[in-house]
Amino acid sequence: NKNIADSVINRVAQLVELNQLNLPPDYSPANALRAAYLVLLETTDANKKPVLETCTNESIANALFDMVVQGLSAAKRQGAFIAYGSKLIFQRMYAGTVAIAKRDAGVVEVNANVIYDGDTFQYEVLPNGRTIVSKHEQSIANIDANKIVGAYATVVFNDGSTNTEVMSMAQIRAAWAMNRNTNPTHNKFPDEMA
């Protein structure tokens, strides 16, 4: 199976040489693929069997290639390899989405916050359609994973402008329900996952 990673490295090199694949300037596909191989050695499927034994070589190669095309690293927890039956996929995670936003969309930082029952929270939708949080006061006494009413994230861009997305807990749970597999992390750490 190590040959799969090597074949993906060779294919990526060919595509880059032919100008058919553009990679971020500070991204080393060979390093990312070698590190991904080490991650794959410890990755198991739903039956706790190694994905390198249960998934098809083609799907493993495609998952590795998908990671490289996005310019991400599984070793940096920017995505995860997940088996669906005998098919392996690379699923981008929050850190990967933030990395892409910083690299490609002029994002400086992303700040996410949870809104708990008892917090003072106000937001406005400006005439231009942008949302801003005008007030969020929180007491440590309000922090309770069972009393989350919503969450928001504010993206700060290079030019100083911001964009905020606010979601109620009902909206967050509806988004979680769209996941193919039940994720116990959502139940154990709903504040972090929100």
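Predicted model: local features only at pLDDT ≥ 70, side-chain atom pairs only at ≥ 80, totals over all residues.
**View 1. Phe121, Tyr123 and Tyr152 are linked by ring pairs into a cluster.** One of the pairs, formed by phenylalanine 121 and tyrosine 123, is tilted, with 5.8 Å from centre to centre and 40 degrees between the planes. A pair of aromatic rings is described in just these terms, by the distance of the centres and the angle of the planes. Tyrosine 123 is partly exposed, its relative accessible area being 45%.

**View 2. Strands β4 and β5 pair in the antiparallel sense.** Strand β4 comprises residues 120-125 and strand β5 residues 131-137, and six bridges join the two. Within this pairing, glutamate 124 has isoleucine 132 of β5 as its bridge partner. Five residues lie between the strands of the hairpin, in which glycine 129 takes a positive phi near 95 degrees.

**View 3. An open sheet is formed by three strands in the order β3-β6-β7, with antiparallel pairing.** The edges of the sheet are taken by β3 (107-116) and β7 (162-168), and because each has a single partner strand, one side of each is left without a neighbour in the sheet. From one strand to the next, the twist averages 15 degrees. Nine bridges connect β3 with strand β6 (residues 148-157), the two pairing in the antiparallel sense, and among the residues involved tyrosine 116 has isoleucine 148 of β6 as its bridge partner.

**View 4. Helix α6 (residues 169-177) packs on the sheet, where it touches β6 and β7.** The direction of the helix makes about 85 degrees with that of β7. Met169, Ile172 and Trp176 are the residues named as buried in α6; seen down the axis of α6, its buried residues fall within an arc of 60 degrees, so they line one face of the helix. On the other side of α6, Ala170 and Ala177 are exposed.

**View 5. Alanine 170 has its place in helix α6 and is shown here together with serine 28.** Alanine 170 counts as exposed because its relative accessibility is 59%, where the cut-off for exposed is over 50%. Between alanine 170 and serine 28 there are 142 residues of separation in sequence and 40 Å in space, taken from C-alpha to C-alpha.

**View 6. The side chains of arginine 103 and aspartate 104 meet in a salt bridge.** The distance from N to O in this contact is 3.4 Å, and the count for the model comes to two salt bridges. Arginine 103 counts as partly exposed, at 31% relative accessibility, whereas aspartate 104 is exposed, with a relative accessible area of 54%.

**View 7. A salt bridge joins the side chains of glutamate 137 and lysine 135.** Here the distance from N to O is 3.7 Å. Glutamate 137 counts as partly exposed at 43% relative accessibility, and lysine 135 likewise counts as partly exposed, at 33%.

Conventions
Residues numbered from 1 in each chain as written. Heavy atoms only, no water. Pairing = 2+ DSSP bridges. Helix = DSSP H or I, 4+ residues; strand = E, 2+ residues; numbered from the N terminus. Axes fitted to C-alpha atoms, helices over the stretch in contact; angles between N-to-C directions. Contact = heavy atoms within 4.5 Å. Phe/Tyr/Trp six-rings, centres within 6.5 Å; stacked < 30°, edge-to-face > 60°. Buried < 20%, exposed > 50% of the residue type's maximum accessible area, 1.4 Å probe, protein only. Salt bridge = Lys/Arg side-chain N within 4 Å of Asp/Glu carboxyl O. Arc of directions from axis to C-beta.
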